[in-house]
Amino acid sequence: MTEIADIYLRKILDSRGNPTIEAEITTVSGGFGRACAPSGASTGIYEAHVRDCDEAIADAKIKLLPHLLELDAADQFGFDEVLHEVDGTENLSGIGANVAVALSLANAKAAASAQNLELFQYLGGNGLYQVHNTPLPLGNVIGGGAHAVDATDIQEFLVIPTGAGNSAEAVFTNALVHKRIKEILVARGKGCGKGDEGAWAPHISDLEAFEIVKEATDKVADETGIEVRMGLDVASSEMWNAEKQRYVYKTGERTTEEQIAYLAELADQYDLLYIEDPIQEEDFEGFAAFTKAVENRDTLVCGDDLFVTNAARLAIGIEKEAGNCVLIKPNQIGTLTDTFETIQLAHEAGYETVMSHRSGETTDNTIAHLATAFGCCLLKSGVVGGERIAKLNELIRIEEHF
């Protein structure tokens, strides 16, 4: 029933108008799975390697797809093992991480479809995770850094509707914060352009961004009675100047110690629930020092570029007590099996996990299912925009099953 009968790869557009890869897999019983590879603007140096779409597809048709036909789609480990065997590299530069992740996720969706299951049910039904609820949405409302030109130094100002009672309420609460921020920006005479992920990208300082988001979340809390907490994606690797050994902001430069003190102060001042990549991607010790600096708070100190969804790098972080949370991006590591192994290691060590989109996205909604199936506490998927709401609306649909 789940034997693979057909595989097709095509080149499509992502949300930035760049090419990416979409995979389709069909089983002998008619089970069907389709998945797309996203792409990032702020990428870690340890991420799996992406290949040119045309070249990767042409190579895959000859060198890879014949090895996948007639495999059992229900054997996800076996499918992903073949991807690695044919690739023959440590970073998927042989077949390309964009080919690998699209095929791996499409395979899981085909197996689920063949068994008349939703993907979250299929993946969450193996006893490892008892799926009872959906994650809260983590939404980008003001952005700068690598996602928007001449905006804030900090890449993302995020909101989390911690007081929401269900997914629909949470999704609409984040959308309301996004609207209130526009109103505040207009009242202040600021432009309201958007960055890659649909966040507002005004020409303002980090300090003004904090003030605006705080004003908006307070307004929404007063209107709805729903508490909304703030978070950040600092994307500090983008700020790090290795030659100077400093974090370079428009307003000046900071040593690692000064960066830690600055962000810890912000965590206290704005009651930050979530801080992603406060320290650059090669500094486990600095990351650990920041984690210790906020240990008396409930702040999630999340590693993205530090861990790149890689179990080996996460193991180093666990040993050094760097962070307490891991951002999960399947395309960083290339296969569903590798993604799950990283999530499992994180949870065993007491780390929280956050499933995440990329700045270059498609309307593929797979990560909403993965976040639910694998017990992630948050789903980072933006607030507005067709490729972002595809995930959020799917979260609402998933919750209807509980």
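Are tryptophan 240 and tyrosine 247 buried or exposed? Both are buried, where buried means under 20% relative accessible area, exposed over 50% and partly exposed in between, with a 1.4 Å probe and protein chains only. The model is a predicted one, so to speak of local features takes a pLDDT of at least 70, side-chain atom pairs count only at pLDDT 80 or more, and totals for chains, interfaces and linings use all residues. Residues are numbered from 1 along each chain as its sequence is written, and side-chain values use heavy atoms, with hydrogens and water left out.

On to the rings. The structure holds eight aromatic pairs; rings of Phe, Tyr and Trp (its six-membered ring) pair if their centres lie within 6.5 Å, and planes under 30 degrees apart count as stacked, over 60 as edge-to-face and the rest as tilted. One of them joins tryptophan 240 to tyrosine 247, tilted, at 4.7 Å centre to centre with 55° between the planes. Tyrosine 249 and tyrosine 262 make an edge-to-face pair, because their planes stand at 85°, with the centres 5.8 Å apart. Since tyrosine 249 lies in strand 8 (residues 246-249) and tyrosine 262 in helix 9, this pair ties together parts 13 residues apart in sequence; helices (H or I, at least four residues) and strands (E, at least two) are DSSP runs, numbered from the N terminus.

Tyrosine 262 also has arginine 254 over its face, 3.7 Å from the ring centre. Such a charge sits over a ring if NZ of Lys or CZ of Arg is within 6 Å of the ring centre and within 35 degrees of the ring normal.
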